[in-house]
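Please look over the sequence and the model shown here before reading the notes that follow.

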Amino acid sequence: METKYDVIALGELLIDFNQAALNDNGNYLYEAAAGGAPCNVLSMLQKLGRKTAFIGKVGKDSFGEYLKETIEDIGINTDNLLMTSAANTSLAFVSRNAYGDRCFQFYRDPGADMLLRKDEVIAANIAKSKIFHFGTLSFTSTDTKEATCYAVECAEEAGKLISFDPNIRINLWNDPQEAMDYGLKKCDILKISDEELFFLTGIRDQDEAMKILKATYEIPFICLTMGRNGSCAYYHDRKVQMNAFVQEKTVDTTGAGDTFMGCVLNFVLDHGLDGLEEEEIRQMLRFSSAAASIITTRYGALKVMPDQEEIQKYMKDVLTADVKRKLKSI
């Protein structure tokens, strides 16, 4: 079958209200931005010249209209983005504590993204893609869980690569273990954070935790993100590590992992999963980390993803600054 899309993703599309500032009266000001992990990933891929499509549902309201228009403007195909009057578009309020850690408060009980049904998924579009991508939030309702499992089955039957990012939000679950286990069993490409790895295994030593993960699920390609501590890729018996690009101007880390994931999938589209060389993987980690670093300086990742030229310039500038510092210390 003719390939129409590089990556097709299913999941939540919502409004992120990011805590941006305090006004003169001491009240928090929130900035409304298009969000949702799967579409963030697709947006990064669009910036890198890929063709993408989204499967999901938003409310038939002003927020839903805004989201649909936003991702269409970016270039993401919306043939399988539905609108419903049965629930409002989901909202997420993102605040930060004194240490800068994020706290998510969701308004989706239910939200429109939870109402996608199995019979609304266009299987033919999945068959026309190269990679199918999903996360765990689509398992928080019976309808969307069935739709997600059906989409995964369609991808498997069509011989597509399957990509999974747990993107766990604990306050939406009594126990996310089922969704985690399903995704880990099905995926060829996994992006997982250090906290998600600990949640899954209960082990803080990441190499030991990864041994258990790999032995249990036999995932071909795993990327572990560790925030300011960098990232690692696990491929067969190899581990490749990369330091983070630490930003002095970080305002919001929401979407950084999705940006990283989009760059990883871009790499897989170029190189496949067979016979990868260590240096290729190292360069992928460096590029993905640089892109994620850039996005932390902006609110609303979906609309403001960096392009290839900006990422490469940033990497060059950082390298130049490092060389100058080393010369000064001699």
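In which loop does Pro110 lie? Pro110 lies in the loop between strand 7 (102–107) and helix 3 (123–127), where helices (H or I, at least four residues) and strands (E, at least two) are DSSP runs numbered from the N terminus. The peptide bond that leads from Asp109 to Pro110 is cis, with omega near 0 degrees.

This is a predicted model, in which local features need pLDDT of at least 70 and side-chain atom pairs count only at pLDDT 80 or more, while totals for chains, interfaces and linings use all residues. Residues are numbered from 1 along each chain as its sequence is written, and side-chain values use heavy atoms, with hydrogens and water left out.

**Helix 6 and its surroundings**

- Helix 6 (residues 194–201) has Glu196, Leu197 and Leu200 as its buried residues, buried meaning under 20% relative accessible area, exposed over 50%, and partly exposed in between (1.4 Å probe, protein chains only).
- Viewed down the axis of helix 6, these buried residues fall within an arc of 100 degrees, so they line one face of the helix; the arc is that of the directions from the helix axis to the C-beta atoms.
- An α-helix has 3.6 residues a turn, so residues three or four places apart point the same way.
- The cover over the buried residues of helix 6 includes helix 5 (177–186), strand 10 (189–193), helix 7 (206–217) and strand 11 (221–225), contact being heavy atoms within 4.5 Å.
- Gly202, which follows helix 6, has a positive phi, near 75 degrees.

**Cysteines**

- A search of the whole structure finds zero disulfides, a disulfide being a pair of cysteine sulfur atoms within 2.5 Å.
- For Cys149, the closest cysteine sulfur is that of Cys154, at 11 Å, which is too far for a bond; Cys149 counts as buried, at 16% relative accessibility.
- Cys223 is likewise in no disulfide, since the nearest cysteine sulfur, that of Cys232, is 9.4 Å away, and Cys223 is buried with a relative accessible area of 1%.

**Salt bridges**

- The structure holds 18 salt bridges, each defined as a side-chain nitrogen of Lys or Arg within 4 Å of a carboxyl oxygen of Asp or Glu.
- The side chains of Asp165 and Lys191 meet in a salt bridge (3.6 Å, N to O); Asp165 lies in the loop between strand 9 (161–164) and helix 5, and Lys191 in strand 10, so the pair ties together parts that are 26 residues apart in sequence.
- Asp165 and Lys191 are both buried.

**Aromatic rings**

- The count comes to 12 aromatic pairs, where rings of Phe, Tyr and Trp (its six-membered ring) pair if their centres lie within 6.5 Å, planes under 30 degrees apart counting as stacked, over 60 as edge-to-face and the rest as tilted.
- Tyr30 and Phe93 form an edge-to-face pair, 5.6 Å centre to centre with 75 degrees between the planes, and this pair links strand 3 (residues 28–35) to strand 6 (residues 91–96), the two residues being 63 residues apart.
- Ring pairs also link Phe17, Tyr28, Tyr30, Phe63, Phe93 and Tyr107 into a cluster.
- Arg204 lies over the face of Phe198, at 3.6 Å from the ring centre; a charge sits over a ring if NZ of Lys or CZ of Arg is within 6 Å of the ring centre and within 35 degrees of the ring normal.

**Positive phi outside glycine**

- Glu218, found in the loop between helix 7 and strand 11, has a positive phi near 50 degrees and is exposed, with a relative accessible area of 65%.
- His236, found in the loop between strand 12 (231–235) and strand 13 (238–242), has a positive phi near 55 degrees and is exposed, with a relative accessible area of 55%.
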